[in-house]
Amino acid sequence: MSEEEGDFHSSQLGSKEYWDAAYNRELKAFTDIGDVGEIWFGEDVQNRMVRWVSQRSDLLHSARVLDLGCGNGTMLLELHEEDFMDLTGVDYSEAAIQLATDVAAKAGVTDISFEVCDILNEESVSNLIQEGKDKFDICLDKGTYDAISLHDPSDPTDRRLYATHVHSLLTDQGRLIITSCNWTKDQLVLHFEKEFELVHELPAPSFTFGGKKGQTVTTLIFRKKTLDAG
Ligand SMILES: C[S@@+](CC[C@H](N)C(=O)[O-])C[C@H]1O[C@@H](n2cnc3c(N)ncnc32)[C@H](O)[C@@H]1O
């Protein structure tokens with residue numbers, strides 16, 4: 001495999017069936033015992049991402065924030081706690097969106113928009129910014145690009161679609177903040193070089209993912225590039 005492809009292989013974490021089954025289980029556990037389910041990569045990583053957004057002095061609390069593949073939606077709940085008012089979470093798993101909606105409702109939060117959306121589907125993505133809705137100032141991704149990459153790591157088609165779709169969702173000054181455990185900083189920079197420019201890297205704690213201990217995550221902040229027409 002080339003440097004760009006990395007050294008991991010196709011996994012069930014790349015399939016919608018896997019996520020539907022996982023979130024149906026988590027939905028049941030939430031209903032039965034109030035457990036919100038997995039915080040992917042741990043709370044430390046989530047807190048670092050939330051802190052980066054909330055401490056940006058040039059970002060108003062009215063900034064539009066989109067969590068790509070939001071799962072149980074807890075990262076958006078944390079941003080809601082920080083007084084961000086325009087929050088949207090999307091996931092292609094209906095069960096994830098139900099879980100996120102229920103978790104938020106139990107916390108008394110009803111003004112976060114949770115929507116079923118496949119980030120790789122052009123029509124679903126363009127619906128997010130149609131009908132007079134503004135583009136997003138911030139896109140968050142914690143583990144979703146990883147899941148998309150695991151579908152077929154040797155085929156860059158889905159990764160390219162992801163990059164062009166996220167680019168289209170952001171304002172000209174927009175930022176993508178992404179945490180990955182499968183790709184290194186250099187690989188992510190290479191994947192996104194056409195649409196995004198690296199502006200910052202957050203310090204990385206180590207954590208457990210897919211049973212492997214001691215892995216290190218990479219959290220990067222990308223600025224949207226202006227693409228040449230034609
Ligand atoms: C590793 S989990 C991370 C979930 C959440 N971001 C978190 O940190 O807890 C990956 C998420 O990506 C979602 N996902 C994978 N492919 C997707 C796609 N094409 N469109 C939308 N969501 C997707 C899965 O349903 C799952 O919720």
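Q: What is the bridge partner of Glu 197 in β9?
A: In this predicted model, Glu 197 is bridged to Arg 223 of β9.

Q: How many bridges join β6 to β9, and do they run parallel or antiparallel?
A: There are 6 bridges between β6 and β9 (residues 218–224), and the two strands run antiparallel.

Q: Which helix touches β6 and β9, and at what angle to β5?
A: Helix α7 (residues 157–169) packs on the sheet and touches β1 (64–68), β4 (136–142), β5 (170–180), β6 and β9. The direction of α7 makes about 135° with that of β5.

Q: What is the strand order in the sheet?
A: The order is β3-β2-β1-β4-β5-β9-β6, in an open sheet of 7 strands with mixed pairing.

Q: Which strands stand at the edges?
A: β3 (113–116) and β6 (196–202) do. Each has a single partner strand, so one side of each has no neighbour in the sheet.

Q: And the twist, what does it average?
A: From one strand to the next, the twist averages 20°.

Q: Switching to aromatics. How many pairs?
A: The structure holds 9 aromatic pairs. In one of them, the rings of Tyr 18 and Trp 19 have planes at 90° and centres 4.9 Å apart, so the pair is edge-to-face.

Q: Is Trp 19 buried or exposed?
A: Trp 19 is buried, because its relative accessible area is 9%, and the cut-off for buried is under 20%.

Q: Which residues do ring pairs link into a cluster?
A: Tyr 145, Tyr 162, Phe 192, Phe 196 and Phe 222.

Q: What sits over the ring of Phe 136?
A: The charged end of Arg 64, 4.3 Å from the ring centre.

Methods: Residues numbered from 1 in each chain as written. Predicted model: local features only at pLDDT ≥ 70, side-chain atom pairs only at ≥ 80, totals over all residues. Heavy atoms only, no water. Phe/Tyr/Trp six-rings, centres within 6.5 Å; stacked < 30°, edge-to-face > 60°. Buried < 20%, exposed > 50% of the residue type's maximum accessible area, 1.4 Å probe, protein only. Lys NZ or Arg CZ within 6 Å of the ring centre and 35° of its normal. Pairing = 2+ DSSP bridges. Helix = DSSP H or I, 4+ residues; strand = E, 2+ residues; numbered from the N terminus. Axes fitted to C-alpha atoms, helices over the stretch in contact; angles between N-to-C directions. Contact = heavy atoms within 4.5 Å.
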